[in-house]
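Work through the exercises below with the sequence and the model open. Each task is followed by its solution in steps.

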Amino acid sequence: MQVPNTLWIYRRIGKRCLDVCVSLILLLILFPLYPFIALILLVCSGRPLLFTQTRTGLLNQPFQIIKFRTMKKCQTNSNALTVHWNDGVPKDFIFKSPNNSEVTKIGAILRKTSIDELPQLLNVLRGEMSLIGPRPEIPEITNCYNDIQMKRLSMKPGLTGWAQVNGRADSCHGHKIDHDLYYVNNCSFKLDMKILMLTIVAIWRGKGAY
């Protein structure tokens, strides 16, 4: 299906311009908040303050995602998952658990409010991520993708996405893939604005975030 010129222009040029402008504005607005969060983390859970991990980006290219550390034992670039799937990631697979004992008390609050994701604005500014798109998975999962699941890697991963406003961490992998493929096929400025608004609502409610 041929994409109309207006959509092509937005996806190739407008989306990146939106990413740069919004991420810069948010970084400037939120700048006073970063030292405050860093101080709380330092007092409550010590160092390191940031957590970096290898994730799969656009066209299956790896990059280092940045977050505020929310777990007790943090090994940078460590992906604690071993799987052996031959026919793609199972539809009923759920990676996150609401009962993770390694998450610190302050980390649980940061996750609930999605504040731990704020450093990823730097990933957006550097062009590794977009404000909106499929959430980046770890290579251990994407290496098991089948041909259909691989299509979600045809767009930059996002800070938020259509799957996140339709379930966040509560959704099974099959639902996430379906939502992500819908976004890949229907990405537009109107849909991105809708996702941004729904993201604010989802964060306010705090449902499905852990």
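A residue is buried under 20% relative accessible area, exposed over 50% and partly exposed in between, with a 1.4 Å probe and protein chains only. The model is predicted, and local features need pLDDT of at least 70, side-chain atom pairs count only at pLDDT 80 or more, while totals for chains, interfaces and linings use all residues. Residues are numbered from 1 along each chain as its sequence is written, and side-chain values use heavy atoms, with hydrogens and water left out.

**Exercise 1.** Find the salt bridge partner of Lys67 and state whether Lys67 is buried or exposed.

Step 1. A salt bridge requires a side-chain nitrogen of Lys or Arg within 4 Å of a carboxyl oxygen of Asp or Glu. By this rule there are five salt bridges.

Step 2. Lys67 pairs with Glu117, and their closest N and O atoms are 3.7 Å apart.

Step 3. Lys67 lies in strand β2 and Glu117 in the loop between α3 and α4, so the bridge ties together parts 50 residues apart in sequence. Helices (H or I, at least four residues) and strands (E, at least two) are DSSP runs, numbered from the N terminus.

Step 4. Lys67 has 9% relative accessibility and counts as buried; Glu117, at 15%, is buried as well.

Step 5. Through shared partners, salt bridges join Lys67, Glu117 and Arg135 into one network.

**Exercise 2.** Which helices does the salt bridge between Lys15 and Asp192 link?

Step 1. The side chains of Lys15 and Asp192 meet at 3.0 Å, N to O.

Step 2. Lys15 is in helix α1 and Asp192 in helix α8, 177 residues apart.

Step 3. Lys15 is buried, with a relative accessible area of 7%, and Asp192 is buried at 0%.

**Exercise 3.** Locate the salt bridge of Asp180 and Arg152.

Step 1. Their closest N and O atoms are 2.7 Å apart.

Step 2. Asp180 sits in helix α7 and Arg152 in the loop between α6 and β4, 28 residues apart.

Step 3. Asp180 counts as buried at 2% relative accessibility, and Arg152 is buried at 4%.

**Exercise 4.** How many residues does the largest nonpolar core have, and which have the most contacts inside it?

Step 1. A nonpolar core is a set of buried Ala, Val, Leu, Ile, Met, Phe, Trp, Tyr and Cys residues joined through side-chain atoms within 4.5 Å.

Step 2. The largest has 26 residues, and Tyr34, Tyr183 and Ile195 have the most contacts inside it.

Step 3. Helix α1 gives the most to this core, with four residues.
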